[in-house]
Amino acid sequence: MNAKEKHSFPSFFETTGMPPMSLKIRHLEVFKALFEAGSVSQAARRLSLTQPAVSIALSNLEEELGFRLFHRNRGFFAPTGEAAQLRDEITQGLMALARIDRRADEIRQGWAGGVSIASNGVMAMNFLPALIGKFQSEFPGTHVELRVQSSRQISDWTASGQIDIGLTDAPIPVAGLTGETFAMECVCIMKQDDPLAVQDVIAPADLEGRAIVGVNGDHAVDQQLNQLMSGANVPLGYKSFSYYYSIARNMVAAGCGLAIVDPINGKADLKDGVVWRRFAPRIVHESMMITSRNHASGQGRGEMEAAIRRDLAPFLINGSY
């Protein structure tokens with residue numbers, strides 16, 4: 001039995017009076033791989049196990065839990081309703097244990113410390129990679145983990161202490177967090193040969209008849225643009241949605257139309273044939289840096305927070321934090 005197999009989760013069953021059980025990490029890994037892959041062969045390949053080993057681990061887990069987790073049909077495995085209810089808990093448990101292993105590795109190897117960050121799409125592509133590179137030059141030996149997820153998931157991770165720093169859209173969707181708001185003036189992006197590129201400022205009237213790449217139709221930036229266009233009596237021509245500003249920029253570069261995006265992604269020097277112009281009246285994007293109120297910070301969190309504030313400063317509306 002390896003070190004991972006020694007973890008167990010008896011507390012729930014002890015507190016409910018049910019017989020205690022010892023859920024092996026390998027069994028939980030098999031559950032997650034099967035849930036995502038849908039077949040024993042694919043799950044075995046992901047975990048570098050034999051197919052019989054996967055089947056045995058699943059049978060042992062189902063026997064331990066007392067109910068079936070997957071419907072079997074000619075080699076394909078469809079999760080039961082019980083499996084769907086367990087999925088989030090098992091995923092979060094595996095992530096927490098992986099983080100413990102990483103922290104232990106940091107201590108054994110003598111690293112100066114580690115910090116984990118989760119971001120939505122705003123800062124993940126064209127802001128954080130460069131910041132992390134600079135940060136690790138300033139603090140050699142510091143381990144940095146970056147995850148990309150939805151604002152809601154990031155908030156849950158941060159509140160539960162699984163992540164040191166979260167970068168999300170405002171407002172904060174869950175309790176137990178502290179946050180700083182960073183307000184940024186959005187820009188209009190277009191291909192460099194677009195007729196509007198000769199203008200210094202783009203107004204709602206300039207978008208009449210133009211294809212627009214939106215965020216998701218209900219995002220705060222979409223809502224502000226909708227209000228401005230309605231106030232100017234100009235129809236808004238959404239032709240596509242991107243969900244991420246960085247993807248919106250790629251779509252603009254591909255000729256899908258114009259987009260209103262945050263300045264981090266809009267002003268990035270990507271040499272992709274896309275240019276930005278001011279948009280008036282102003283449309284504001286608000287990001288938040290969130291941390292947990294109830295969990296102690298790890299080494300490096302304070303320095304990383306300061307680095308984020310420093311590198312965000314050029315993009316902010318004066319006095320936004």
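In the predicted model, Ser39 is located in the loop that connects helix H2 (25–37) with helix H3 (40–47). Its relative accessible area is 8%, which is under the 20% limit, and Ser39 is therefore classed as buried. A polar atom of the Ser39 side chain lies 3.2 Å from the backbone nitrogen of Gln42. When residues up to four places away in sequence are not counted, Ser39 touches Leu34, Gly75 and Phe77.

Ala130 is placed in helix H7, which covers residues 128–138. The relative accessibility of Ala130 is 59%; because this is over 50%, the residue counts as exposed. Ala130 and Asp311 are separated by 181 residues in sequence, while their C-alpha atoms are 9.8 Å apart in space.

Val148 belongs to strand S4, which consists of residues 142–148. With a relative accessibility of 45%, Val148 falls between the 20% and 50% limits and so counts as partly exposed. Val148 is also one of the residues of a nonpolar patch on the surface. The other members of this patch are Leu146, Phe241, Tyr243, Tyr244 and Ile247, and together with Val148 they have about 540 Å² of accessible area.

A disulfide is a covalent bond between the sulfur atoms of two cysteines. With a cut-off of 2.5 Å between cysteine sulfur atoms, the count of disulfides is zero. Two cysteines may be described by their accessibility. Cys188 has a relative accessible area of 0% and is therefore buried. Cys256 has a relative accessible area of 31%, and so is partly exposed.

For the protein as a whole, twelve helices and 13 strands are assigned. The protein has 321 residues, of which 44% count as buried; Ser39 and Cys188 are examples of residues in the buried class. The accessible surface of the protein amounts to about 16200 Å², and carbon and sulfur atoms contribute 52% of this area. Among contacts in the protein with a separation of 6 or more, 69% are between residues 24 or more positions apart.

Conventions. Residues numbered from 1 in each chain as written. Predicted model: local features only at pLDDT ≥ 70, side-chain atom pairs only at ≥ 80, totals over all residues. Heavy atoms only, no water. Helix = DSSP H or I, 4+ residues; strand = E, 2+ residues; numbered from the N terminus. Buried < 20%, exposed > 50% of the residue type's maximum accessible area, 1.4 Å probe, protein only. Patch = residues over 30% accessible without salt bridge, like charges linked within 9 Å, V, L, I, M, F, W, Y side chains within 5 Å. Areas by Shrake-Rupley, 256 points an atom, 1.4 Å probe, with all protein chains shown as cover. Salt bridge = Lys/Arg side-chain N within 4 Å of Asp/Glu carboxyl O. Polar contact = N/O pair within 3.5 Å; in protein donor to acceptor, adjacent residues only side chain to side chain. Contact = heavy atoms within 4.5 Å.
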